[in-house]
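Let's walk through this one together, starting at the metal and moving on to the open space.

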Amino acid sequence: MLPNTLDYSDDITCIDTEQQRAGMACCYLLRGGDRYAFIECGTSLSVPGLLNVLQQRGIAREQIAYVIPTHVHLDHAGGVGRMLRELPNAKLVVHPRGARHMIDPSKLIAGATAVYGAEHMAAMYGEILPAPEARVIVAEDDFKLDLNGRELWFIDAPGHASHHFAVWDARSRGWFTGDVFGLSYREFDGPNGPYLLPTTTPVQFDPAAWMHTLDRLLAADPQWIYLTHYGRIGNVAKLAADLRRGLAEYQQLAAHYRTDANRHQSLKRALTEHELAKIAALNSPVDAEEARELLELDMDLNAQGLEVWLDRK
Ligand SMILES: [Zn+2]
């Protein structure tokens, strides 16, 4: 089994972690001389495919120096423990608020089970292994990491999750943004460019913090954003404006349905209709029925996360 890969400039490869479907989630392999780092690593179920990519490219497992999940949601970090077991020299680089959940993933597992249900957990995420504490590097705000001559810079990046950082790659002038620059699936790309939507997954959506994070990302004048969902996008200023607008609209929709008797379903339907209108306005090649299918899980999670935010406010 060999996942889809795409080689960008500057020794960055996008690898599909094949969660749910092809094109939904990816990780990145970065090269610094004869050393490599993975940014994101998918779930435990993604790991064999990632190892196959290394083997196919003649990269020894010993050459992987770092595994760097942007935050500890399981589609980004669920495979960390298994990766560390397979990659003998790799250190885990993780946000200070995420480290203890990687060392003891029991709370993560319980949290995800609450969101997804027990039956889906095993099928979606496989077995979640702990990370050995001695191999954990905590990356505070403004942390710098030298990948064998390639400098990576980490900033605290709350908004989507409080255990989220973003990683700046000076060489390509790009940010690895996990979920804090929203979602943009390549299927929707059309003549008017990419379509991008917010990701307000439970349970730490924080719109004010998110705006501040976007300010910091844009201040670096990035040429590229490397999304986990999915791939590299340019035209950063325009898409950041789309995301800001989308986040504001989501908050208005959530407030509108705050006291609705059937709040979850009503809000999910409203978010879906809102996104379908945006997709139609972009002349995206994806029709409404296909779009509903592609966005089904995200709409459910976005509605859930907005409801948690409403209840906390
Ligand atoms: Zn994600």
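Predicted model: local features only at pLDDT ≥ 70, side-chain atom pairs only at ≥ 80, totals over all residues.

Residues are numbered from 1 along each chain as its sequence is written, and side-chain values use heavy atoms, with hydrogens and water left out.

So, the metal. Asp75 (OD), His76 (NE2), Asp179 (OD) and His229 (NE2) coordinate the zinc ion at 2.0 to 2.3 Å. Donors here are N, O and S atoms within 2.8 Å of the metal (3.2 Å for Na, K and Ca), and as water is not among the atoms, sites may look incomplete. The angles between the 4 donor atoms run from 84 to 157 degrees, which makes the arrangement irregular.

Along the sequence, the donor residues follow the spacing D-H-x102-D-x49-H. His76 sits in helix 2 (residues 74-77) and Asp179 in the loop between strand 11 (174-178) and helix 7 (207-219), so this pair ties together parts 103 residues apart in sequence. Helices (H or I, at least four residues) and strands (E, at least two) are DSSP runs, numbered from the N terminus. His76 counts as buried because its relative accessibility is 0%; buried means under 20% relative accessible area (1.4 Å probe, protein chains only). Asp179 is buried too, at 3%.

Methods. Tetrahedral: all angles 85-135°; square planar, octahedral: opposite > 155°, others 65-115°. Buried < 20%, exposed > 50% of the residue type's maximum accessible area, 1.4 Å probe, protein only.
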